[in-house]
Amino acid sequence: MSKIEWYLEYQIQKNRPGLLGDVSSLLGMLSINIVTINGVDDQRRGLLLRCDSHEQIERLESILKTMDNITVTKLREPKLRDRLAVRHGRYIQRDADDKKTFRFVRDELGLLVDFMAELFKQEGHKLIGIRGMPRVGKTESIVAASVCANKRWLFVSSTLLKQTIRSQLIEEEYNENNIFIMDGIVSTRRANEKHWQLVREIMRVPATKIIEHPDIFVQNSEYSLDDFDYIIELRSNPDEEITYEAVEGPSMFSDGGFSMFDF
């Protein structure tokens, strides 16, 4: 019989000595194994559990409800955010109105890389947008996540080292295991029709595509934000405003000091 994984999270009402030991002993008596355990946010503890049947979890839930020192906040099959919360000790911030938008600050680059790596490991078409001001770590995080996911990354358009605009790929680059990276500003402000033909071809490949500056990308293309599966926002600090005023002028693409790849 295959094992079942569950995520348990509880709020500590009274943090008395031996509380974690009591919870662990209860899980042991019910033959439920603890896979991972960590503090999650303030006065919360998260546990990734493994057991044989749903009945074990039902008995656990009924007993936990009688404990005065804790309040169960989550008991469910683990989601990606749950696994990352236990791994890193904090929850990924999610937009209250737009559930596909996730927010990070630069101090959480490790969490961001881990999050994207888990997305990259999933098979099939996936369109991810990432917002953020210049030099906040967007492209570097994408590359690091690709390495963690053991995926090859391809720059279709980028300004990481030199300005890159591609208009064709070689045959083996049309690979479903590749991560296709595009800069929405470069593609819309400097690319020609051949580049956009390539973009449309890549969009049809059942692989992960990640687009920096998705708002600029959709303003000048037939795609919309509804086409994106995930939107990631990366800020230097929680209060930083993400704007595009700096790229509206012609100085953004002046060639002084920058070379350009166009192939």
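**Strands, a helix and charged pairs**

Modeller: In this predicted model, Thr36 is placed opposite Leu48, a residue of E3.

Biologist: How do you know that E2 and E3 pair?

Modeller: Pairing requires at least two bridges between the strands. E2 (residues 33-39) and E3 (residues 44-51) are joined by six bridges and run antiparallel, so by that criterion they are paired.

Biologist: In what order do the four strands of the open sheet stand?

Modeller: The order is E2-E3-E1-E4, and the pairing is antiparallel. E2 and E4 (70-76) each have a single partner strand, so they stand at the edges, and one side of each has no neighbour in the sheet. On average, neighbouring strands are turned by 20° against each other, direction ignored.

Biologist: Why is Ile37 called partly exposed?

Modeller: The relative accessibility of Ile37 is 35%. Buried would require under 20% and exposed over 50%, so a value in between is partly exposed. Ile37 belongs to strand E2 and also to a nonpolar surface patch with Leu20 and Ile34; together the three have about 200 Å² of accessible area.

Biologist: What makes Leu47 buried?

Modeller: Leu47, in strand E3, has a relative accessible area of 0%. The limit for buried is under 20%, so the term applies.

Biologist: How do you know that the span of H4 agrees with its 13 residues?

Modeller: The expected span is 1.5 Å times one less than the number of residues. For H4 (residues 109-121) that gives 18 Å, and the end C-alpha atoms are 18 Å apart, so the two agree.

Biologist: What makes the contact of Arg76 and Asp82 a salt bridge?

Modeller: The side chains meet at 2.7 Å, N to O. The limit is 4 Å between a side-chain nitrogen of Lys or Arg and a carboxyl oxygen of Asp or Glu, so the pair qualifies. Arg76, at 25% relative accessibility, counts as partly exposed, whereas Asp82, at 0%, counts as buried.

Biologist: How many salt bridges does a search of the whole structure find?

Modeller: The search finds 20. One of them joins Asp215 and Arg131, whose closest N and O atoms are 2.7 Å apart. Asp215 lies in helix H8 (residues 214-219) and Arg131 in strand E7 (residues 126-131), so the pair ties together parts 84 residues apart in sequence. Both Asp215 and Arg131 are buried. The two also belong to a network of salt bridges that includes Asp95, Arg103, Glu233 and Arg235.

Biologist: Which parts does the pair of Arg152 and Glu173 tie together?

Modeller: The side chains of Arg152 and Glu173 form a salt bridge at 3.7 Å, N to O. Arg152 is in strand E8 (residues 152-155) and Glu173 in the loop between strands E10 (163-165) and E11 (178-183), so the parts tied together are 21 residues apart in sequence. Arg152 counts as partly exposed because its relative accessibility is 41%, while Glu173 is buried, with a relative accessible area of 6%.

Terms used
Residues are numbered from 1 along each chain as its sequence is written. This is a predicted model: local features need pLDDT of at least 70, side-chain atom pairs count only at pLDDT 80 or more; totals for chains, interfaces and linings use all residues. Side-chain values use heavy atoms; hydrogens and water are left out. Patches are made of residues with over 30% relative accessible area and no salt bridge: like charges are joined within 9 Å, nonpolar side chains (Val, Leu, Ile, Met, Phe, Trp, Tyr) within 5 Å. Accessible areas come from the Shrake-Rupley method with a 1.4 Å probe; for residues, only the protein chains shown count as cover. Helices (H or I, at least four residues) and strands (E, at least two) are DSSP runs, numbered from the N terminus. Buried means under 20% relative accessible area, exposed over 50%, partly exposed in between (1.4 Å probe, protein chains only). Axes are lines fitted to C-alpha atoms, for helices over the stretch in contact, and angles run from 0 to 180 degrees between N-to-C directions.
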